[in-house]
Each structure stands twice: as C-alpha cells, then as structure tokens.
Amino acid sequence: MNHPTRPALVLDPVEAAQHGQAILDNVLEAIITTDSQGLMTSFNRAATRIFGYDAQEVIGRNVSLLMPAPDRAQHGGYMARYESTREARVIGVGRETFGQHKCGLVFPIQLSLSAIERDGQLSYVGLVRDISEQKEAESHIERLAYYDALTGLPNRRLLLDQLAQLHSRFAKQGGHAALIFADIDRFKSVNDTLGHAGGDALLRATGERLKECLVSQGLVARMGGDEFAMLIPDLDADADMAQLEAAQWCQRLLHRLRCEHQLAGHEYRTSASLGVLLIRDGREAPEALLAHAELAMQQAKSESRDTYRFYDAEMGRSAALRAGRLNDLRLSLRRQELALVFQPQVDEWGDVLGAEALLRWRHPSRGTVSPADFIPLAEQSGFIIQIGQWVLLQACDMLAAWRRHRHTAVLSIAINISATEFRDPEFVATVSRALAVSGADPRRLKLELTESVLTVDLSDLAQKLSAIKRMGVSLSLDDFGTGYSSMAYLRELPLDQLKIDRSFIVEIDRSARDEVLVRGMVEMCRVLGLSVIAEGVETPSQRERLLACGCTSFQGYLTGRPMSAEDLDRLIGTDNAALV
C-alpha cells in the first residue's frame, strides 16, 4: 500500500537559527564557534556557565579571551599554521588543557575542536567540558592511594614507586642512595599513657621534624604505625664517601628526633632507632631494599636504641636463621614438642609447698633447646602469647588433678608471665577461662610476674592484677631487686609474694653485703605482709644464711632440679624432709 508523502518541514532562516540556538543552549557542554580569524560567532548557555561571560560579551571577540596567558599568546600562530598547512595537531584530537574564567580563575577543561570548510572559508567548532570536579576527585583518590591520611606524608606505596624508579636508573648508570628506616623508641608507652590521640600527635610531630631535616633533598614516607622511611638519592659516586654521607644523615636525623614533645600537657622525651641501607646498584627489588633497611633498624633497636646500624650480609643470614627458628617454634605446639618440667619449692623443713612450671622445647634435630634461646624469640615475635596460653592450661589441668588427692590438694604451681603476655587485652579472660575449663582451685595457681611487666602502664597493671586477685589467684614478683622494683610498685600492686633473685643468693654465705640486702628485703616483705621465697639455692650454707635472714621458702638445685610431672608426683609421695 502506498502512503502519501509527508511534506518536509521547512523553517525560514530566522526560525532555523532560533531552532539551532535552542539546541545549543540545552547541551551540557560548552559549544563555541569561531570564524577563520578566531572571532567567536556563537556562545551557548553552558559556555556562559563555564566561563562566566554572557554571549553578547564575547561574540565578535577572539576566542583566546578564554585561554590562560601562555596559550593565549600562542593561539594566533596555531591558527595561521593550520590555515596554511592543514596539518591537524589539535583539531579532531580531544585533549585536556586549561581555560580561564571571566574572574581570572584558571581551571582544567576537556577540549574537542573541529574545523569546517564552506565555500573556501574555514570556521571552527569547539566542544568544552569543565573537568575541575573530575580532577579534584582524581587528586583525592591519588592522595588516598599514595599519601598517609594522618601525617600527609607519602606512604609505603609511593616510596616503593620511587625505589623502582631509582632501581631503573641505577641499573643503567649506577650511583648511590641511602634508604633509612626509622622506628620511634618506646612509642607504645605514649599510646598506653595518652591514648591514640597523644600517639597520633607524636606521629605528626615526628613526620614534620623529618621533613624539616631533609628539606627537599629526599623523600620522607610513613610506613605505618610508628615507622618512617627516608630515601636520600644522589650520594657520592665513591662507595666509601657515600657511606660516610649516609652516616652523617643518620646522625642529623637522630639529633633532630632526640627531643621533647608537649603532649596533652605532659612532656615526653623521644628518640628513634635507625636502619640504613646503602643502595649501590639496581639489582635488588624495592621490597627487598625496604626489608634490609628494616632489619638494620631492628638491630639498632635491639642493641641500644637511639642509634643507627648499617645493613650487612651477616644481618641477612642471621635474619634467615631467626626466621627458620621462629617457624620451627610456631610448629612446636602443633607437633607437641613443648613440655613442662617442675622445680619444687619447699619450706624450712623440706616439705614441698608446690613447684614452678618451667618450659622446655624438645626439638627433633636440635635436642632440648634452652629457654634462653627460644623465649626471647617467642617474646619478640608475639608467639609467647600462644605459648603462655598452653602453659596456663597445662598447669591448671595439673592443679585440677592434684585437687582430687588430699596430699597434693594444698600444693601450688607457679608459672611465669611476660610483659608481652600481660599487654594482651585478653589476658585476664584467658586466665579465667583456663580455671573454669580445668576445674583447678584458683588459690593454688601462682602467677610470677617478671620485673619487665612493671614497664607497662601502672594503672592498667593494677586493674588487671586486681581482677586476677578477685579470682583467688596468687601473684608473685619474680627476680626481685634486679630491675624496675620500687616501693611505689609494692605499695600500689596487689602482690602476695616476692621472689629474691639468684644473683643475691650465689654469694650470700661469703658476702656480708648480699646478706644485709637479703635481710632488708625479707624485713620489708614482713612489714608489707608479703611472703618471700629465694631462688637459686644450691648449697646448705646458702640455705643456712637465708634462714638466718628470716627467709624460710626455697627453690633451687639443693631442693630439687627441674623434673617431669611423674617424678614430681613420686617426690611428693616420699619423706620430703629427706630433701634437706
């Protein structure tokens, strides 16, 4: 079927112009047309919104009016070149550039430019979009990706990018740079005392001091926590001179960080430990470089703090050995290689009062590993928390078994608790859970606190100890007299017993000075209502001098070496008086 042809809609020139302008005015992008001389012939509403000019202000004026100074000066040359050569460098190619608002503000734009030739005459159509918000969003995303939110410093990712660029440069032409890894000494005590707000203030202040020290000669990055890193490029081409320069940088940084901070109305003196790696070529990956510098920092921190150490190959070998031992230690619980032995604690008559549980590691290839070799490793790695939980459960299970027999129900078991375990937020709950699960008598469990525990926040320490005391558990301060002891601790903390360290016992039968010190400790405990026990008692003469000083409880080789649970059961069933 044939349909009648619909007549074409024909607009007169005025209506066509109005129709075209209506379309242009409702387009979101700015549309600007110019003649061959660059004089603007149309300017839609979006252009007014973006550039701030009304159409009547710009029609007939050169489009360079909308450009910032550098582009404005060169615009005429660009148009003349295109008109003579028809070589399109900008036309037909979308690009990002800058526009200038009527008020003078320069802002980023996306520009697409087309050329139209009609009857031998050129005209141009420009499509412009304001991309200020897009650029701001991209900048924000970049800051989130490459900068630390707390300090505003570059983060680990940006530092790795810089190391990768250095890696490429050194691989081609050699050179030297220093990578310095810094850790604030005793930062945790600030966090524990002032909370995270105080810790954050210290981190921001430290970042500022590092930036001030380096000025524009290197990059300062925050790695996370209380760790920072500095990359100092372009050191001397000679390796010895470069190492000397790196050492001088470390000394400046240590001096700058060795300072006092006013935090929440309190004065805190801080320092830092630095590890420095001299980067000599482009052979190692950025992550490996960071690991080496961090390892050197850990060496500085373990030796003395407030100092620096250079990385060397021996550190790498030691770290690999340590990592292997730590992996073995982590597997030891699963493989049931850890075991408890027990050293008796006796009274003046030789009757067994209880025992201290001591940890042993029976390694399948290394034999019995000394606690002195693996306990520090466990504490440094934090694995001591899992080990401590296992020890606690084993001791509670043994107390529960003893509870069922009249001659063992009154005996106690003492276990050591390290500062790392005590800082665990779940520590009190762990003790409560172990007692509940095992059915042990809480009064027979004794927690021996090493004096390193006294370095934690005193109020937090007192709260945790009070909570444990309310369970009925006894508390003993181990190694008394060797470190942090003070009357303030003894007055504020709910302790039951002090254990006199073996260093005061070894020569008590030959040293009047040691005897006077022990006598004073025993008298102090009497006044404070604390019991006292001496460890490391190995000879009858030592025991006699201790009795003369008023100490009537002992632990040491004289009364029994560490033994298995089975041997301890047999010992308890014997005539205990034979022990002395």
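Please bear in mind throughout that the model is predicted.

Let me begin with the sheet. Five strands make up an open sheet, and reading across it the order is S2-S1-S5-S4-S3, with antiparallel pairing. Two strands lie at the edges, each pairing on one side only: strand S2, residues 40-43, and strand S3, residues 95-100. On average, neighbouring strands of this sheet are turned by 35° against each other, if direction is ignored.

A helix also belongs to this picture. Helix H5, residues 132-146, packs on the sheet, where H5 touches S3, strand S4 (106-118) and strand S5 (121-130). The direction of H5 makes about 135° with that of S4.

I turn now to the helices. Helix H14 spans residues 427-438 and helix H15 residues 458-471; they pack at an angle of about 10°, and their axes are 10 Å apart. H14 is therefore roughly parallel to H15, since angles under 35 degrees count as such. The crossing of H14 past H15 is right-handed.

Which residues meet in this contact? From H14 come Phe427, Val428, Val431, Ser432 and Leu435, and from H15 come Lys464, Ala467, Ile468 and Met471.

Thank you for your attention.

How values were computed:
Residues numbered from 1 in each chain as written. Predicted model: local features only at pLDDT ≥ 70, side-chain atom pairs only at ≥ 80, totals over all residues. Heavy atoms only, no water. Pairing = 2+ DSSP bridges. Helix = DSSP H or I, 4+ residues; strand = E, 2+ residues; numbered from the N terminus. Axes fitted to C-alpha atoms, helices over the stretch in contact; angles between N-to-C directions. Contact = heavy atoms within 4.5 Å. Parallel < 35°, antiparallel > 145°, perpendicular 65-115°, else oblique. Left-handed = near helix turned anticlockwise from the far one by under 90°.
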